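Morning, everyone. I'll go through it in short steps.

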Amino acid sequence: MSQTLFDLSGRVALVTGSTRGLGRAMAEGLAAAGARLVINGTDAARVEAAVREFTAAGHAAEGAAFDVTDEAAVVRAFETFDARGLAVDILVNNAGIQLRKPMLELSTAEWRKVIDTNLTSAFVVGREAGRRMVARGRGKVINIGSLTSELARATVAPYTVAKGGIKMLTQAMAAEWAAHGVQANAIGPGYMLTDMNQALIDNPAFDAWVKARTPAKRWGKPEELVGVAVFLASSASDYVNGQIIYVDGGMTAVL
Ligand code: GCO
């Protein structure tokens with residue numbers, strides 16, 4: 001099997017929300033596989049710091065600080081890429097937030113903020129990247145789902161609905177773009193050791209529940225998403241479309 005299948009040399013990858021957590025780990029993995037990285041986040045200083053760290057590690061990287069929920073900023077960012085001749089070959093729609101509160105206590109504004117950040121943004125950024133990929137006849141979109149793309153958990157309703165939507169958005173992208181050489185797929189991380197989950201990790205009852213409920217009997221590490229991310233970003237997945245791959249220690253497979 002030729003290594004070039006997984007080689008991302010000459011490809012440009014934009015990972016939204018890639019200054020830390022899962023986004024950072026996937027960005028580092030795509031860079032190690034040869035891709036030029038466009039690091040994104042809302043905090044320009046944090047983005048520049050990450051770019052310096054990638055460059056110091058010998059990776060090709062640049063920053064694009066924009067808020068994925070700000071449509072005008074997203075459109076401007078892609079126009080800037082066009083003006084600079086930067087073709088985004090790989091898009092990882094990773095940016096997201098969590099909000100844990102029972103639905104009966106949730107305001108509509110809170111609901112909308114989670115849906116906008118975790119779902120609508122994947123459509124808006126996906127549309128701008130997809131438009132250019134379709135025109136070029138090739139491209140890769142990787143949307144970040146969740147266990148909650150399949151299963152609900154109390155207190156995280158808008159996140160669950162958004163991640164369920166991510167699964168179907170991925171299939172919708174495949175339905176419309178596959179014929180134009182674009183592969184849209186998703187990754188469903190399980191319970192990963194990230195800042196977003198720190199409150200759960202630090203909660204002994206929740207920690208014990210995750211370790212008991214997960215067939216692998218442990219939390220996942222962000223870098224354990226890299227293999228699937230590189231596969232879905234590379235030629236190795238050229239006939240894979242509209243799929244979601246769970247990296248969850250078996251949690252969605254076993255009762
Ligand atoms: C939660 C967690 C989860 C994880 C992840 C699991 O509150 O249950 O935040 O949603 O972050 O999405 O797949």
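One definition first: buried means under 20% relative accessible area, exposed means over 50%, and partly exposed lies in between, with a 1.4 Å probe and protein chains only. Thr 155 has 30% relative accessibility, so Thr 155 counts as partly exposed.

Now the ground rules. This is a predicted model, where local features need pLDDT of at least 70, side-chain atom pairs count only at pLDDT 80 or more, and totals for chains, interfaces and linings use all residues. Residues are numbered from 1 along each chain as its sequence is written, and side-chain values use heavy atoms, with hydrogens and water left out.

Back to Thr 155. Where is it? Thr 155 sits in the loop between strand 5 (139-144) and helix 5 (157-177). Helices (H or I, at least four residues) and strands (E, at least two) are DSSP runs, numbered from the N terminus. Thr 155 has a phi near 85°, a positive value in a residue other than glycine. Lys 217 also gets a mention: its phi is near 60°, positive in a residue other than glycine. Find Lys 217 in the loop between helix 7 (204-213) and helix 8 (226-233).

Next, helix packing. Two packed helices are described by the angle between their axes and the distance between the axes. Axes here are lines fitted to C-alpha atoms, for helices over the stretch in contact, and angles run from 0 to 180 degrees between N-to-C directions. The axes of helix 1 (residues 21-32) and helix 8 come within 9 Å and cross at roughly 55°. Helix 1 and helix 8 are therefore oblique to each other. The cut-offs: under 35 degrees is roughly parallel, over 145 roughly antiparallel, 65 to 115 roughly perpendicular, and the rest oblique.

Which residues make the contact? From helix 1, they are Ala 25, Met 26, Gly 29 and Leu 30; from helix 8, Val 226, Ala 229, Val 230 and Ala 233. Contact means heavy atoms within 4.5 Å. These residues divide into seven nonpolar, one polar and no charged.

Now the rings. Rings of Phe, Tyr and Trp (its six-membered ring) pair if their centres lie within 6.5 Å; planes under 30 degrees apart are stacked, over 60 edge-to-face, and the rest tilted. By this rule there are six aromatic pairs. Take Tyr 191 and Phe 206: the ring centres are 5.5 Å apart and the planes are at 70°, so the pair is edge-to-face. Tyr 191 lies in the loop between strand 6 (182-189) and helix 6 (198-201), Phe 206 lies in helix 7, and they are 15 residues apart. Buried or exposed? Tyr 191 is buried, at 14% relative accessibility. Phe 206 is buried too, at 12%.

Tyr 191 also pairs with Trp 219. Their ring centres are 5.7 Å apart and their planes are at 80°, so this pair is edge-to-face. Trp 219 is in the loop between helix 7 and helix 8, 28 residues from Tyr 191. Trp 219 is buried, at 6%. Ring pairs link Tyr 191, Phe 206, Trp 209 and Trp 219 into a cluster.

Technical notes:
Ala, Val, Leu, Ile, Met, Phe, Trp, Tyr, Cys and Pro count as nonpolar, Asp, Glu, Lys and Arg as charged, and the others, Gly among them, as polar.
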